[in-house]
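Biologist: I have a structure to go through and some questions about it. Please show it first.

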Amino acid sequence: QLRCLLRMVTLRGIPEDLDSYPKDLLLFLSPSAYAATGSCSQYFSNVGNANVDVLPRESPQRKKLLLEALACLQIPGTRINEENAEILGRLLCDLGGEYIRTSGGILLTHLSRCGSFLPDQEEAIRDVLSSGNTTFGPPAVWSALTLRELSGLIPVFDHSILQQIPK
């Protein structure tokens with residue numbers, strides 16, 4: 001339905017007010033087609049606010065969006081800074097474990113909005129949380145507020161993390 005709606009909206013070219021349309025439409029539009037109305041970082045900021053789950057998790061289209069976003073933002077390695085994390089939004093849910101480990105605690109609150117994780121992502125999240133090198137500190141100093149902020153990550157916690165959290 002979104003693909004069909006996009007075809008109707010772009011029948012006479014890309015409209016200048018494309019940003020006023022639902023963000024989910026942009027999942028089916030290429031960044032180069034969007035370039036006429038804005039920058040690629042603006043495009044990916046809008047895509048990051050879209051419901052990326054409209055596309056299947058391991059779909060080639062979703063993988064391509066993430067690769068194009070990383071190229072657009074000129075992210076040289078596997079470290080994502082806070083500014084780029086804000087732009088990537090829900091696309092962060094598709095980052096591999098190496099990005100999570102390298103970026104450390106910067107991604108944790110963003111990742112807590114993801115619906116599910118792949119095994120390598122779960123392992124990376126546990127590694128980062130266990131290290132204590134985050135703004136939250138080690139699990140032994142967490143409070144109820146910390147757990148609220150990380151609520152989307154609680155299913156990833158293993159026994160060693162849970163054991164350290166104060167009652």
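Modeller: The largest cavity has a volume of about 30 Å³. A cavity here is a set of points on a 1 Å grid over the protein atoms alone where a 1.4 Å probe fits but cannot get out; points are joined across faces, edges and corners, and the volume is the space filled by probe spheres set on them. This is a predicted model, in which local features need pLDDT of at least 70 and side-chain atom pairs count only at pLDDT 80 or more, while totals for chains, interfaces and linings use all residues. Residues are numbered from 1 along each chain as its sequence is written, and side-chain values use heavy atoms, with hydrogens and water left out.

Biologist: Which residues line the largest cavity?

Modeller: Lining residues have an atom within 4 Å of a point. By class, the lining has two nonpolar, two polar and two charged residues; Ala, Val, Leu, Ile, Met, Phe, Trp, Tyr, Cys and Pro count as nonpolar, Asp, Glu, Lys and Arg as charged, and the others, Gly among them, as polar. The residues are G89, R90, L92, C93, H110 and R113.

Biologist: How many helices are there in the protein chain?

Modeller: Helices (H or I, at least four residues) and strands (E, at least two) are DSSP runs, numbered from the N terminus. The chain has zero strands, and its helices number 10.

Biologist: Is T134 buried or exposed?

Modeller: T134 sits in the loop between helix 8 and helix 9. Buried means under 20% relative accessible area, exposed over 50% and partly exposed in between, with a 1.4 Å probe and protein chains only. The relative accessibility of T134 is 14%, so T134 counts as buried.

Biologist: Which residues does T134 touch, not counting those up to four places away in sequence?

Modeller: Contact means heavy atoms within 4.5 Å. By that rule T134 touches G105, L108 and V128.

Biologist: Why is the pair of Y43 and F44 edge-to-face?

Modeller: The structure holds two aromatic pairs. Rings of Phe, Tyr and Trp (its six-membered ring) pair if their centres lie within 6.5 Å; planes under 30 degrees apart count as stacked, over 60 as edge-to-face and the rest as tilted. The centres of Y43 and F44 are 4.8 Å apart and the planes stand at 80°, so this pair is edge-to-face.

Biologist: What form does the aromatic pair of W142 and F157 take?

Modeller: Both residues, W142 and F157, are buried, and they are 15 residues apart. Their rings are 5.5 Å centre to centre with 45° between the planes, and the pair is tilted.

How values were computed: On a 1 Å grid over the protein atoms alone, a cavity is a set of points where a 1.4 Å probe fits but cannot get out, and a pocket is an open set with protein on both sides within 12 Å along at least five of seven lines; lining residues have an atom within 4 Å of a point.
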